[in-house]
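Please look at the sequence and the model together, and follow the text slowly from one element to the next.

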Amino acid sequence: MPVTVARFNLVAPGATPTELGARYRAALEMAAYADDRGVSTVQTEEHHGAENNWLPSPFAFAGAVLGATRRVAVTVSAIIGPLHDPLRLAEEIAVLDLLSNGRLVTVAGIGYRQQEYDLFGVDFAQRGKLQDELLETLLKAWTGEPFSYRGRTVRITPRPFTDPHPLLLVGGSSRAAARRAARLGLPFFPSAHLPELEAYYKELLVEYGTEGWVMMPAAETPLLHVAEDPDRAWAHCGQHFLHEARTYASWQSGGVRSAVKSAATTVEDLRAEGVYRILTPDACVALGLDSYVLHPLAGGMPVEEGRRSLQLFCEQVLPRLTG
């Protein structure tokens, strides 16, 4: 059975607070609908200071989704680890883990936008060191026992629901990220299909004498939208996909590697590229993927269009993937 994901980053260029509030509530309604119909995962993420209102507070949104659902896993993929206070983050995740009976999954990356570090006065050059401290602190904090933190003894309560700790993966596309995950015995989440990095991580597990596993995007991981008339949907909604694609492209430079990477500058180019796809239900089933990632509100997509896409997927695609 494939993994099925409904992704929400709440991007809405130019939205008023009233419009954005309505969009947030619609996303919660869609998450509850997806949960009722057997979608595996709701995914959200973190970016700061974006002009298009990209979600900056993933755990607040994750908590609302967990409260509105009963079965679905909620994945925060990914947090920008060094921007979080380690002790406060340990508490936040523990509470959400208790609230949800262990349905929260956290992927901790270090990000790639210096502007986000500058916003919070965090030294971008120290991000690797800060990430090490964060991960080590979380693992110690969740034991419920006293431990040494920045020269003093601290203890974090309550303990999480999940034993030994909530599901925490190390994200990234660098050898440093793979080393960090292997050293701590944490699962590794490469940000793109990088088999050579997976092999390196597994070598390091043997070297460190730790255990772990890899959750890696497939070589082909398109972002999907389901419509009865793809031509009409591209004409009506292609600009929203293009907005997100161009935003990512403006952020990703140098050695940044991501499963969502587009060079398109027009809707026509984007459609031909295949990173974003609008498909009929039959064509969606025919993909035969190991994972299906729905992006029903991509780039400011009209809410009703997103609802139709999710409904078509849940009613006409999902039963045929699981039957």
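Two strands are said to pair if DSSP finds at least two bridges between them, and the elements themselves are DSSP runs numbered from the N terminus, helices being H or I runs of at least four residues and strands being E runs of at least two. The model is predicted, with local features needing pLDDT of at least 70 and side-chain atom pairs counting only at pLDDT 80 or more, while totals for chains, interfaces and linings use all residues. Residues are numbered from 1 along each chain as its sequence is written, and side-chain values use heavy atoms, with hydrogens and water left out.

We can begin with the sheet as a whole. Nine strands form an open sheet with parallel pairing, in the order β8-β7-β4-β3-β2-β1-β11-β9-β10. At its edges lie β8 (188–190) and β10 (276–279), each of which pairs on one side only, and from one strand to the next the twist averages 30°, where angles run from 0 to 180 degrees between N-to-C directions and axes are lines fitted to C-alpha atoms, for helices over the stretch in contact.

Within this sheet, consider strand β4 (residues 104–109). Six bridges join β4 to the parallel strand β3 (residues 73–80), and leucine 104 of β4 is the bridge partner of valine 74. Strand β7 (residues 167–172) also runs parallel to β4, and four bridges join the two; here valine 105 stands opposite leucine 167, and valine 107 has leucine 169 as its bridge partner.

Is β4 enclosed or open? Six of its six residues are buried, so the strand is largely enclosed by the rest of the structure, buried meaning under 20% relative accessible area, with exposed over 50% and partly exposed in between (1.4 Å probe, protein chains only). In a regular strand the side chains alternate between the two faces of the sheet. Both faces of β4 are covered, with Leu104, Thr106 and Ala108 buried on one side and Val105, Val107 and Gly109 buried on the other.Turning to the helices, the axes of α2 (residues 58–68) and α3 (residues 86–100) come within 10 Å and cross at roughly 10°. These two helices are therefore roughly parallel to each other, a description used for angles under 35 degrees, whereas those over 145 count as roughly antiparallel, 65 to 115 as roughly perpendicular and the rest as oblique. Their contact (heavy atoms within 4.5 Å) is made by residues including Phe59 of α2 and Leu89 of α3.
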